[in-house]
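Let's take a walk through this one together, starting at the ligand and moving out from there. Have the viewer open as you read.

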Amino acid sequence: MPSAARQPQTLYDKVFNDHIVNQQDDGTVLLYIDRHLVHEVTSPQAFEGLENAGRKVRRPDCTLATTDHNVPTTPRKNFKNVADFVKEDDSRLQCTTLEENVKKFGLTYFGLGSANQGIVHIIGPEQGFTLPGTTVVCGDSHTSTHGAFGSLAFGIGTSEVEHVLATQCLLTKKSKNMRIQVDGPLSPGVSSKDIILHVIGHIGTAGGTGAVVEYCGSAIRGLSMEARMSICNMSVEAGARAGMIAPDQITYDYLRGRPLAPTPDSAEWKKAVSYWSSLASDPEAKYDTEVFLDAKDITPTVSWGTSPQDVVPITGVVPGPDDFTDKAKKESCERALKYMGLTAGTKMEDIELDKVFIGSCTNARIEDLRAAAKVVEGKKIANNLTRAMVVPGSGNVKNQAEKEGLDKIFLDAGFEWREAGCSMCLGMNPDILSPRERCASTSNRNFEGRQGAYGRTHLMSPVMAAAAAIVGKLADVRKLMDNATPQKGSPTLEISEHVDEPSDSEDMERIMDLPQDGTSGATSHSLPAKGSPGFPKFETWKGIAAPLDRANVDTDAIIPKQFLKTIKRTGLGKALFNPLRFNEDGSENPSFVLNQDPYRKSKILVVTGVNFGCGSSREHAPWALLDYGIKCVIAPSYADIFFNNTFKNGMLPIAMPDESKLNAIAEKAKAGEEIEVDLPNQVIKDAQGNKLADFEVEEFRKHCLVNGLDDIGLTMQMDEKISKFEDRRTLDAPWLDGSGYLAKWRKQGEKNAPGKPVKVEPVPVPKTNRGQPLIDPNDW
Ligand SMILES: CC(C)[C@H](C(=O)O)[C@@H](O)C(=O)O
Ligand code: SF4
């Protein structure tokens, strides 16, 4: 895939340009997606939509599914099936629904019986599914992890999951280019997690909004692939659409021999490496924003508050409101201190802990466990801890760690050694914090209630979490080890050959029986695709507007994890803003705006703080707003994924960066007056019809909203262009068509494209790229 442009390009420009299937006049691009990862939380409604519309998965060979968020991390020795194993009803339903869907749609799936199961962002790279120069998506915000390979990887909402399943494409726009350069050697005890926490502390949780960040500089180049993944993983915590690192020899060495990567030293491998090597940003390439950091300024870093930007060096003290000049920041500091149960001025090293969690897609890879084990070896966890747990990111990581005896080191020290899953990172499974428990965690989010209602999270690196476990307080790892070395080189990890996939003929017949989509894909521009209802048209929207004076409202606050365990889009209004709307005992919090009249009947939300909807990609956030009756949000700025998700549900998020206009609207909202949003004319009026402000909206999005259009139907009309793109991709980059476990789809000569007959035959158990046969492919 040669890059088309003549002028100097960044890594992001190159990958983006190489995936354009179509471009509209307003800049809206139909982008081809090479890799789609699927998990149980954000996919049920997408599969349901697909089925309702009679559509199929266009590229099963480019789709990989696993179950991770809901799964208990207890021993699986006696595991028979997920239905018996997952005890909690809603979690079980999401897991079994995924299993039904992968069978129904014929997808490759790593279930709990397979060592290949694990956190979706750990298994993609581990399998070689994630490759340089690809576009990678998943219904999960931490898809940014995969950018460490020089892929363009970003989180999407459930509607977009459905769009990709049906079309293998996404409608999107080009983001800005941002460069973060970190130079110099890392000091002992400092790892890539410290780099990214430091970066987020520096640029803030909205610092990367609207941009794709490229990390570069000698400190980044010196990192292993796993360390690079931790950095890209948290790009989304800085508000960025994606994070990327140019592939290099460290990348190629990591990929060598991975089951789904091209066979090492084959002609395909050589061609791939030559393409991958062409991706680095051109020396003259321009960036919209640049940040330069010196690695020597980075020390072991920990979070003190309830946002990933609330960080200080471990040698520091808890800040107080007086440390901030900005009014909003003073207020959020006060609120964070209260929530965290901390007093300004307290030394970070004096903060006592209850629990320690080493895990998550940020830091549960083999190198993370090796580094933590090195700190722990021969020591015991502190007596004041009620629990310390290590949760490997995948079955393969777990097996490798056991081979190296790391499990023994952790167990001897008093840690629990668990099975793979998201675990206590977000507590959708039994691993949660109790109210007010304080936890040292290697995860990525410290939002209120993130690890359990009223739980208190301190983010840090694996070695720092290990040190904290030994000391029982937040601790400086440098005091515990003489030679805490930064992460270097590539780890060795043996990958299981086990894959769970539908292989019996009955399942295959069910795949064959699925109706062909939309007859020939020839639907009219003004109509949604066959079988798909589209949305009610959005023209004008009038009603009470609730004022909300808060910055960085994250989607965990809009709808917390316990409400994500649904397989429906509806009924979530009662859970909207749950942590803010209700007290601990379930009673209403009278000070929250939606508990006051006339705001109980709000149809619009007017937010005066920046960066609304940051954090997780959960489309449950717009679903909850919509179900409550709020179809329009007005705020100074939004996090990218939330912004997209609202449009996909026929809702209108208005970005109103102009403070005086926003204040005029907020005044009316505070007075309890109705306001009216007129989309065709792009104006906001007061109850009497006087203009309060005009607003911007992208042409294509407006067109879809005003006409109630389902954009999947629109994209399906581009089938010919998509097929042409695929044909070229097969010629230029044959390694991107299904290989290894996924190759059966290609071998069967099908592309599952809409409108084309698909002949699906049962195939023998396939071999991996390395020619080894797979173990029992079906454990359902
Ligand atoms: C469940 C999923 C939507 C969510 C995300 O997008 O990040 C989760 O992984 C998280 O970390 O909060
Ligand atoms: S951030 Fe946590 S919950 Fe989200 S995918 Fe990663 S491990 Fe899972």
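Which atom of serine 617, backbone or side-chain, lies 2.8 Å from an oxygen atom of ligand 1? It's a backbone N or O atom of serine 617 that does this. Keep in mind that you're looking at a predicted model. As for how covered the ligand is, ligand 1 on its own would expose 310 Å², and the protein buries 97% of that. Ligand 1 also sits in the largest cavity.

Two side chains are worth a look while you're there. Serine 141 puts a polar side-chain atom 2.5 Å from an oxygen atom of ligand 1. Arginine 450 comes in with its side chain too, where an N or O atom is 2.7 Å from an oxygen atom of ligand 1.

Around ligand 1 you'll find Val41, Thr42, His69, Asp140, Ser141, His142, Leu426, Arg445, Arg450, Ser616, Ser617 and Arg618.

Leaving the ligand behind, let's turn to the aromatic rings. The count for the model comes to 18 aromatic pairs. One of them joins tyrosine 275 and tryptophan 735 in a tilted arrangement, with 6.5 Å centre to centre and 40 degrees between the planes. This pair links distant parts of the chain, as its two residues are 460 residues apart. Tyrosine 275 belongs to helix H11 (residues 267-277), while tryptophan 735 is in the loop between helix H25 (719-732) and helix H26 (743-747).

Technical notes
Residues are numbered from 1 along each chain as its sequence is written. Chains are lettered from A and ligands numbered from 1 in the order in which they are written. This is a predicted model: local features need pLDDT of at least 70, side-chain atom pairs count only at pLDDT 80 or more; totals for chains, interfaces and linings use all residues. Side-chain values use heavy atoms; hydrogens and water are left out. A residue is near a molecule or strand if one of its heavy atoms lies within 4 Å of it. A polar contact is a pair of N or O atoms within 3.5 Å; within protein, one must be able to donate a hydrogen and the other to accept it, and residues adjacent in sequence count only if both atoms are side-chain atoms. Accessible areas come from the Shrake-Rupley method with a 1.4 Å probe; for residues, only the protein chains shown count as cover. On a 1 Å grid over the protein atoms alone, a cavity is a set of points where a 1.4 Å probe fits but cannot get out, and a pocket is an open set with protein on both sides within 12 Å along at least five of seven lines; lining residues have an atom within 4 Å of a point. A molecule sits in a cavity or pocket if more than half of its atoms lie within 2 Å of its grid points. Rings of Phe, Tyr and Trp (its six-membered ring) pair if their centres lie within 6.5 Å; planes under 30 degrees apart count as stacked, over 60 as edge-to-face and the rest as tilted. Helices (H or I, at least four residues) and strands (E, at least two) are DSSP runs, numbered from the N terminus.
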